[in-house]
Amino acid sequence: MSIILGFVIDCIFGDPYNFPHPVRLIGNLISELEKIMRKFFPDNLYIGGVLMSLSVIFLSTAVPFLILFLCYKINIVFGIIAESIMCWYLIAPKCLKTESMKVYKAVSENDIEKSRKAVSMIVGRDTQSLDFEGVIKATVETVAENTSDGVTAPVFYMSFGGAVLGFFYKSVNTMDSMVGYKNEKYKDFGRFSAKFDDVLNYIPSRLTAVLMIISAFILKYDGKSAYRIWKRDRLKHASPNSAQTESVCAGALNVRLAGDAFYFGKLCKKQYIGDNIRPVEKDDIIKANRLMYVTTILMIVLSVILRVIIMGVLF
């Protein structure tokens, strides 16, 4: 019930920018602990990174657990309301759609600088030299990838352990997005966080890819191509998980994604994903968002079924 209510609240209100956001608090905690660990472990950044990760995971899981424990002790309805709000914070499809549509609007206005600025808010790559095609590709890629990372993976874990396990996942995923880089600064400090995120996303990313293929058929996109490109290109990424949904999206839209990109001023060589059947266009952003929403609904339905089965086995 909390997962469903959380999704409905997100569809109505989106990301609560004007309220204290637990994920932003987790981000602040990561930043502060990074400073501390770098100070105390300057010669062994890997150990510092591990200790930071374990601390963040513990606090990010323990706090919501205690809050929900107290809420459910008071009243089950009060507990469901509190957990629904937590699920709302953890599921962010409308935020992803809103931010990507800002790029769509800027591209529609033929404003390249505005487009680059808008896309820089949702991608980690350098955007100052991107043309309109590069901006659109980057946006479609991030919607496809974050369908799993930011939406369906939290739902998957919440189906097993409610909002508490959702925050467990989200803390690891947030650390990966902040310190999980392979550059000189983070290659040791962020290694544990990056690898742990790969482990946690292994099953959700693949399950999301399968659901996204089904979604492509539902939306009457090219479902056959989505499956074919997924089988062929799903491992064409440094991460074992990132290309799972990206390859499905590329196949469903009949476009070519990925390729070389700049990060922190350094060229990163990447393989292409998908076939170059046609150039990307701004409407592909809308299509990627539709794919994301249908995939999310399918994951919620599946998660509710899993939750019912788990509760039936336990009780």
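Q: Hi! How far is the sulfur of Cys95 from the closest cysteine sulfur?
A: The gap is 13 Å, to the sulfur of Cys11, which is too far for a bond. A disulfide here is a pair of cysteine sulfur atoms within 2.5 Å.

Q: Okay, and what kind of model is this?
A: It is a predicted model, where local features need pLDDT of at least 70 and side-chain atom pairs count only at pLDDT 80 or more, while totals for chains, interfaces and linings use all residues. Residues are numbered from 1 along each chain as its sequence is written, and side-chain values use heavy atoms, leaving out hydrogens and water.

Q: Back to the cysteines: which one has the sulfur closest to that of Cys71?
A: That is Cys87, but at 13 Å the two sulfurs are too far apart for a bond.

Q: How many disulfides does the count come to?
A: The count is 0.

Q: Is Cys95 buried or exposed?
A: Cys95 is buried, at 18% relative accessible area. Buried means under 20%, exposed over 50%, and partly exposed in between (1.4 Å probe, protein chains only). Cys71 is buried too, with a value of 10%.

Q: Switching topic, which residues form the nonpolar patch on the surface?
A: Tyr72, Ile76, Val77, Ile81 and Ile85, with about 450 Å² of accessible area together. Those areas come from the Shrake-Rupley method with a 1.4 Å probe, and for residues only the protein chains shown count as cover. Patch residues have over 30% relative accessible area and no salt bridge; nonpolar side chains (Val, Leu, Ile, Met, Phe, Trp, Tyr) are joined within 5 Å, like charges within 9 Å.

Q: Which helix gives the most to it?
A: Helix α4 (residues 76-90), with 4 residues. Helices are DSSP runs of H or I, at least four residues, numbered from the N terminus.

Q: And where is Tyr72?
A: Tyr72 sits in helix α3 (residues 45-74), and is partly exposed at 32%.

Q: How many salt bridges does the structure hold?
A: There are 12, each a side-chain nitrogen of Lys or Arg within 4 Å of a carboxyl oxygen of Asp or Glu.

Q: What does Glu32 pair with?
A: Lys35, with the closest N and O atoms 3.6 Å apart. Both lie in helix α2 (residues 22-40), 3 residues apart, about one turn of the helix.

Q: What about Asp233, buried or exposed?
A: Asp233 is buried, at 0%. Its salt bridge with Arg232 has N and O atoms 2.8 Å apart at the closest, and Arg232 is partly exposed at 40%.

Q: Which residues are linked with them in a network?
A: Arg228, Lys236 and Asp275 are linked with Arg232 and Asp233 in a network of salt bridges.

How values were computed
Helices (H or I, at least four residues) and strands (E, at least two) are DSSP runs, numbered from the N terminus.
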